[in-house]
Amino acid sequence: MGQVYTHGQFTWGYAPVVTGQHRAYWGARTIWNGRGDMDIVHDRQSILATDKATADRLVTLLNGGVLKAANKRLDALANRWEVTPSGSNEVVLYDDASVRIIGNTNGSHGYLYVTAQLLEEA
């Protein structure tokens, strides 16, 4: 994932989970055909954070293995038909003490909208 810092806006991602309760959110409209990894497009990402350092912390965690783990979980959910390109259900792709990633295809037949929440306190 490339670092895209947009302070104050959240254009891409799964917006219903951007509640303002967390210090940072990263979102993306990824390409996903129902199998394999989601493809994160460099210009379809957003960051919303209280400050640049907080945004950088979230990006570091995502690049440090969180996105890889989320892709693994996505594949497992797809194998059990719990998420499909034509469906429209919210799924948790990753969840630990630091980061939660939630996604939904919104019945788009090719996109997976994902948002990561930074759960760590300041």
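Reader: Why does K52 count as partly exposed?

Author: This is a predicted model, in which local features need pLDDT of at least 70 and side-chain atom pairs count only at pLDDT 80 or more, while totals for chains, interfaces and linings use all residues. Residues are numbered from 1 along each chain as its sequence is written, and side-chain values use heavy atoms, with hydrogens and water left out. A residue is buried under 20% relative accessible area, exposed over 50% and partly exposed in between, with a 1.4 Å probe and protein chains only. K52 has 44% relative accessibility, so K52 counts as partly exposed.

Reader: What makes the contact of K52 and D56 a salt bridge?

Author: The term requires a side-chain nitrogen of Lys or Arg within 4 Å of a carboxyl oxygen of Asp or Glu. Between the side chains of K52 and D56 the N to O distance is 3.2 Å, so the pair meets the definition. Both residues lie in helix α1, four residues apart, which is about one turn of the helix. D56 is partly exposed because its relative accessibility is 24%.

Reader: Which other residues form salt bridges, D95 being one of them?

Author: The structure holds five salt bridges. Among them is that of D95 with R100, whose closest N and O atoms are 3.5 Å apart. D95 is partly exposed, with a relative accessible area of 46%, and R100 counts as partly exposed at 25%. Another joins the side chains of E82 and R80, at 2.6 Å from N to O. In general, side chains of opposite charge can pair when their charged atoms come close.

Reader: What is the place of L62 in the largest nonpolar core?

Author: A nonpolar core is a set of buried Ala, Val, Leu, Ile, Met, Phe, Trp, Tyr and Cys residues joined through side-chain atoms within 4.5 Å. The largest one has 28 residues, and L62 is among those with the most contacts inside it, together with W26, L93, V99 and I101. Helix α1 gives the largest share of this core, eleven residues. In soluble globular proteins, nonpolar side chains tend to be buried together.

Reader: How do you know that I101 is in contact with L62?

Author: Contact means heavy atoms within 4.5 Å. Apart from neighbours within four places in sequence, the residues that I101 contacts include L62, V66 and V114. The C-alpha atoms of L62 and I101 are separated by 9.6 Å, and the two residues are 39 residues apart along the chain.

Reader: In what sense do strands β1 and β5 pair?

Author: Two strands pair if DSSP finds at least two bridges between them. Strand β1 (residues 24-31) and β5 have seven bridges, in the antiparallel sense. Six bridges join β4 (residues 99-104) to β5, and these strands also run antiparallel.

Reader: What makes the protein as compact as a globular protein of that length?

Author: The protein has one helix and five strands. Its radius of gyration is 13 Å, close to the 14 Å that the globule rule gives for 122 residues, so the protein is as compact as a globular protein of that length. The radius is taken over C-alpha atoms, and the rule is 2.2 Å times the number of residues to the power 0.38.

Notes
Helix = DSSP H or I, 4+ residues; strand = E, 2+ residues; numbered from the N terminus.
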